[in-house]
Amino acid sequence: MEIKSFDVLPRDMVLEVLASVAANSMDDFFNAKISCKTFNELAEENYVYRQISLDKISRILWWHPEEGKAFIERCIKCDNLDALYTQGLYEYVSFMKVELGMELLRKAAQIGHLGASYVVGLLLICESGELKKDGVQLLRKVYASRRVVECRKKYIDVVRDMWWNNTTIFGEEPPSYDCRMRSEHCKRRGWMSDIDHYDDTECEQCICRAEIEILYKYGRHP
């Protein structure tokens, strides 16, 4: 009797292999799922859904909207960070469900998604008082990671594919963040859109101004 390769491996090890495949390519994940009974069973584990890459999720939503919706809901239930982040943006920007969108984005940020921390930080610095301070702290966290350019690009790539229905959200003029030393700061560090971090002495007014301009630029994209 022929012994299947994965039958002799510990279940946890096979689960890690499948989760790694899911994290790198959704196409490879679905191909692996239909390749054998073991993968098909393990593919339904919450741990795997937590790792799945959603880079090509738009194809599923377009071709199979009902199945795609159920798939996303399962990913969110399993705390898939990309699902929380992407769906949070859709709820906030496209579906006008601001509270639900912020809830999903905050959850992703709390679990460790830097892109979600960046977006929540942007949204909060549009507010006043303690909310603005919370937003600045989140942006500090992202800049300290030296991955802010990556987070900014991720945000822009996601929202570019959205159906815009946000005129009430971005209807007013953005808050003003004036800095008398703006020109000098730009000469010293370059334009904010090009830098990937800042230290504790960096001017928060300049940072808020630059990031808010990015938020409103794409938030008002037709």
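Visitor: Is Phe30 buried, partly exposed or exposed?
Guide: Phe30 counts as partly exposed, at 30% relative accessibility. Buried means under 20% relative accessible area, exposed over 50%, and partly exposed in between (1.4 Å probe, protein chains only). Keep in mind that this is a predicted model, where local features need pLDDT of at least 70, side-chain atom pairs count only at pLDDT 80 or more, and totals for chains, interfaces and linings use all residues. Residues are numbered from 1 along each chain as its sequence is written, and side-chain values use heavy atoms, leaving out hydrogens and water.

Visitor: How many aromatic pairs are there in the whole structure?
Guide: Four. Rings of Phe, Tyr and Trp (its six-membered ring) pair if their centres lie within 6.5 Å; planes under 30 degrees apart are stacked, over 60 edge-to-face, the rest tilted. Phe30 and Phe71 make a tilted pair, because their planes are at 50°, with centres 6.2 Å apart.

Visitor: And which helices hold those two?
Guide: Phe30 sits in α2 (residues 26-33) and Phe71 in α6, so the pair ties together parts 41 residues apart in sequence. Helices are DSSP runs (H or I, at least four residues), numbered from the N terminus. Phe71 is buried, at 9% relative accessibility.

Visitor: Switching topic: where's Ser53?
Guide: Ser53 is in the loop between α4 (46-51) and α5 (57-63), and is buried at 6% relative accessible area.

Visitor: What does Ser53 contact?
Guide: Setting aside neighbours within four places in sequence, Ser53 contacts Ala22, Ala23, Asn24, Ser25 and Met26. Contact means heavy atoms within 4.5 Å.
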